[in-house]
Amino acid sequence: TPLYPHHVEAVNRAYARADGAEAAARKFAITVAYQISGRTSEAAWVTLDAMEWDGHFNCLIAEVPQSKTVKLKIAAFFAGVNQHRCFFTALGDNLALNRPPPSEDNVDWLLPDLHAVCPKPGKRLGSYLKALLPRDRGGAATYAGYAVANLPDDVSGAGLRPGVINAIAAKMPGGFVAAMTGHDVTGLSALYEYLDPDRAVLMAAVIVMAGYLALPWGHLGLGPVPASFDWLCSRVDNAALTRMMASLFYVDGLRAFMMGAPLRPALEAALASLVMYYEDRERLGEMRSVGRKMRYCWRGAFRPTATDVDADAVLRDWSKLLRAKFNSDNLHLTSPPATVNVQPIVTAVTRLTNLVESQARTISELQEALVENRLELSNMRNAISNAINAPAGTAGTTKAAVPPAVAVVAAAAAATTWVSCSMQPETTAATD
């Protein structure tokens, strides 16, 4: 029975609500198999060395061996319209909660758990799907509270490929569908011998699978742009952001994700995606263990003296900013398909988005300043308390003792003046 994109989205949502390392690993495996749109065993044979970042199409491109034809096909791993269709969010969750096992054959597999059960990885992938059936239909007790009622009774990993084919075939020519599935289309037209269907034509199917409206019939275009920290680079300590990434993700030994390595942009997109969806997922109760680790790693990288509440406030601010950038970058997919020229509208909305982002960034900076001021005030209160509670006649004191009430009033007045001054904009005007 075909498993359509809405089935995959529901499964990933259920595992996100279930939370935990196992749920993150299963969600990632299902996302990879879905975006490959291949036979169930093929996802287990993807290696990090066979992947590259495509900066033009803003996605990962991988060479995938096809089990039936013994040929390589090109697959794309891409961002989605929401967190449940996004490869980078699933990647981030998995790397945050699961440490990759050491490879015995010196090969870094994208899905080491699936590769470990070769030659029958499809059976394990199918078990991930069956686990979310309702209990009375054979679902697992562990996930009884997260069952997906609309899954077919005979759900299996083999349903992913026909589900994708049927979903996208209704919205584009057959040649475009074949670019996603890996079928040979050179016999249809000599055009496909020159056009690179593994990239340009692939994007038409990627857009639909990501959850966006299909392009007009037969049209090509750019796919979704993942979340990024572009709008935060001017005000965020990049070294601290790198430290946060290093402590959040288990990538030790994975050469492809190291600084300057080919897949580093994908790791940065994973962190940006987790931050962008942070507020939504906290509200929906999804992957809370990842949220807790994000707050812990943010404090360690940016402000060790901050509280968990402070980290939560900053991550929520960042989430809004990254969401605005994401929406702006993907206006080409959210504008309704039409033959009229929508570029002026897109340009106007982009300018408006930039203006809103600028205002939001200013507000975020003020909120961060308030967090710092609150920490300073806390230190002042402690100092005042110590001064009040100090025993009279302390050795070495030569000045007359100041009454406690006077000390408190004077310190509070000084603190109020300091906070007021610290919140004023800096000025460079010279004074005589």
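Which residue in strand 3 is the bridge partner of Glu63? The legends below answer this and more. This is a predicted model, so local features need pLDDT of at least 70, side-chain atom pairs count only at pLDDT 80 or more, and totals for chains, interfaces and linings use all residues. Residues are numbered from 1 along each chain as its sequence is written, and side-chain values use heavy atoms, leaving out hydrogens and water.

**View 1. An open sheet has three strands in the order 1-2-3.** The pairing is antiparallel. Strands (E, at least two residues) are DSSP runs, numbered from the N terminus. Two strands pair if DSSP finds at least two bridges between them. Strand 1 (51–54) and strand 3 (72–77) are at the edges with a single partner strand each, so one side of each has no neighbour in the sheet.

**View 2. Strand 2 meets strand 3.** Strand 2 covers residues 59–65. Six bridges join the two strands in the antiparallel sense. Ile74 is the bridge partner of Glu63. Phe77 is the bridge partner of Leu60.

**View 3. Helix 9 packs against helix 10.** Helices (H or I, at least four residues) are also DSSP runs. Helix 9 spans residues 238–248, and helix 10 spans residues 264–276. The angle is about 90°, with the axes 11 Å apart. Helix 9 is therefore roughly perpendicular (65 to 115 degrees) to helix 10. Axes are lines fitted to C-alpha atoms over the stretch in contact, and angles run from 0 to 180 degrees between N-to-C directions. In contact (heavy atoms within 4.5 Å) are residues including Leu241 and Met245 of helix 9 and Leu267 and Leu271 of helix 10.

Definitions and conventions
Angles under 35 degrees count as roughly parallel, over 145 as roughly antiparallel, 65 to 115 as roughly perpendicular and the rest as oblique.
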